[in-house]
Amino acid sequence: NRVKPHTDFVGGVESGLRKMIAIGLGKRSGAEVCHAAAVDLGYEPVLHAVARVTLATGKIIGGLGIVENGYDQTTKIVALAPEQLESGEEALLHQARALMGQLPFQQLHVLVVDLMGKNISGAGMDPNVIGRDVCSTHSPRTSPSIRRIYVRDLHPASHGNALGIGLADFCSSRLVEKIDWNATLINSLTSASPESGRLPLHFKTDQEALNACLATSGRVHAETVRLLRIKSTLEVGEFWASEALLPEVKQHPRLSILNGPVDMMFDAQGSLAN
């Protein structure tokens with residue numbers, strides 16, 4: 001399994017081999033039992049306990065820990081024997097956390113996300129990237145601080161599962177039309193996070209949604225708004241940034257300007273240009 005920071009909590013073990021033992025091999029019933037226990041006991045103690053009991057059966061001969069970089073590319077594959085899983089996975093998690101993609105700004109008025117979906121993150125949009133979680137039983141996030149998040153569309157590979165839509169403040173009507181509510185409901189209940197399936201206010205056009213973002217972000221206007229547009233939380237290597245962020249872009253050692261400034265363009269239907 002991929003070893004990476006979990007979307008719901010922070011610890012020595014997060015998303016990886018022991019999670020696969022507890023949640024993946026347990027299928028839906030195992031996931032329900034583990035998430036229910038985690039509400040009272042916490043995620044990490046549950047993963048440790050279930051993995052230890054399962055490994056004690058001797059039916060698991062080992063695991064392959066996969067580490068990816070911020071571009072969703074495999075950078076390391078490590079084989080671990082059962083007795084190596086705890087220490088080995090913790091070391092891989094440390095490496096994965098250092099490699100994962102992040103937004104280069106700590107404060108934003110508006111974040112526009114072109115695509116969300118289960119294929120992008122288990123939470124639709126990775127809370128480690130957007131700094132936001134809505135579930136009362138999950139670890140709170142403090143950074144980055146984003147006042148308004150607008151999600152434009154649901155990735156087709158998510159097959160209608162819109163878990164994580166509750167992380168957004170606004171979304172598009174086209175996204176809502178693609179939601180499979182049964183799949184979203186099952187995933188929300190199984191993960192004990194009904195808040196993640198809540199539907200935000202939605203608009204027919206991007207232009208209307210962005211106006212709503214600006215109107216509810218405080219005393220900001222076109223020249224001062226700190227706005228970022230990304231393709232998804234899995235693809236943050238290139239992005240649109242508003243002019244108010246330009247001084248920070250110029251000072252950042254790992255950022256470069258590809259083109260612009262250009263006007264934010266909308267087509268006749270009010271959709272943002274690609």
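## Cavities

On a 1 Å grid over the protein atoms alone, a cavity is a set of points where a 1.4 Å probe fits but cannot get out, and its lining residues have an atom within 4 Å of a point. The largest cavity here is lined by 18 residues, and Lys4, Asn69, Met100, Gly101 and Leu234 lie nearest its centre. Its volume is about 230 Å³, where a volume is the space filled by probe spheres set on the grid points, joined across faces, edges and corners. The lining of the largest cavity divides into 8 nonpolar, 5 polar and 5 charged residues. In this sorting, Ala, Val, Leu, Ile, Met, Phe, Trp, Tyr, Cys and Pro count as nonpolar, Asp, Glu, Lys and Arg as charged, and the others, Gly among them, as polar.

This is a predicted model, in which local features need pLDDT of at least 70 and side-chain atom pairs count only at pLDDT 80 or more, while totals for chains, interfaces and linings use all residues. Residues are numbered from 1 along each chain as its sequence is written, and side-chain values use heavy atoms, with hydrogens and water left out.

The count comes to 2 cavities of 30 Å³ or more. About 80 Å³ of space lies in the second largest cavity. Its lining consists of His6, Phe9, Lys19, Ile23, Cys34, His35, Ala38, Tyr43, Val46 and Leu47. Helix 1, helix 2 and helix 3 are the elements that give two or more residues to this lining; helices (H or I, at least four residues) and strands (E, at least two) are DSSP runs, numbered from the N terminus. By class, the second largest cavity is lined by 7 nonpolar, 2 polar and 1 charged residues.

## Pockets

A pocket, in contrast to a cavity, is an open set of points with protein on both sides within 12 Å along at least five of seven lines. The largest pocket holds about 1800 Å³ of space. Of its 44 lining residues, Arg229, Glu238, Phe239, Trp240 and Ala241 are the closest to its centre. Helix 4, helix 8 (206–215), strand 7 (227–230), strand 8 (240–241) and helix 9 (246–251) each supply at least two lining residues, and helix 8 gives the most, with 4. In the lining of the largest pocket there are 25 nonpolar, 11 polar and 8 charged residues.

The second largest pocket has a volume of about 870 Å³. It is lined by 35 residues, and Lys19, Ile23, Lys118, Gly122 and Asn187 lie nearest its centre. Helix 1, helix 2 and helix 7 (181–190) are the elements that give two or more residues to this lining. Here the classes come to 10 nonpolar, 16 polar and 9 charged residues. Lys19 and Ile23 also line the second largest cavity.

## Helix 1 and its surroundings

Helix 1 spans residues 17–24, with Leu17, Arg18, Ile21, Ala22 and Ile23 buried; buried means under 20% relative accessible area, exposed over 50%, and partly exposed in between (1.4 Å probe, protein chains only). These buried residues pack against helix 2 (27–41), helix 3 (43–55), strand 1 (63–68), strand 2 (74–80) and helix 4 (85–99). Contact means heavy atoms within 4.5 Å.

An open sheet is formed by 6 strands in the order 6-5-4-3-7-8, with mixed pairing. Its edge strands, strand 6 (201–203) and strand 8, each pair on one side only; two strands pair if DSSP finds at least two bridges between them. Strand 3 (residues 107–116) pairs with strand 7 in the parallel sense over 4 bridges, and Val112 stands opposite Arg229 in strand 7.

Helix 8 lies across strand 3, strand 4 (145–154), strand 5 (170–172), strand 6 and strand 7, and runs at about 170 degrees to strand 4. Axes are lines fitted to C-alpha atoms, for helices over the stretch in contact, and angles run from 0 to 180 degrees between N-to-C directions.

## Residues to look up

Asn119 sits in the loop between strand 3 and helix 5 (127–130) and is partly exposed, with a relative accessible area of 34%. Leaving aside neighbours within four places in sequence, Asn119 is in contact with His155, Ala157, Ser158 and Leu234.

Most residues other than glycine have a negative phi, and most peptide bonds are trans. Lys27, in helix 2, has a positive phi near 55 degrees and is exposed at 62% relative accessibility. Asp72, in the loop between strand 1 and strand 2, has a positive phi near 65 degrees. A cis peptide bond, with omega about 10 degrees, joins Gly260 and Pro261.
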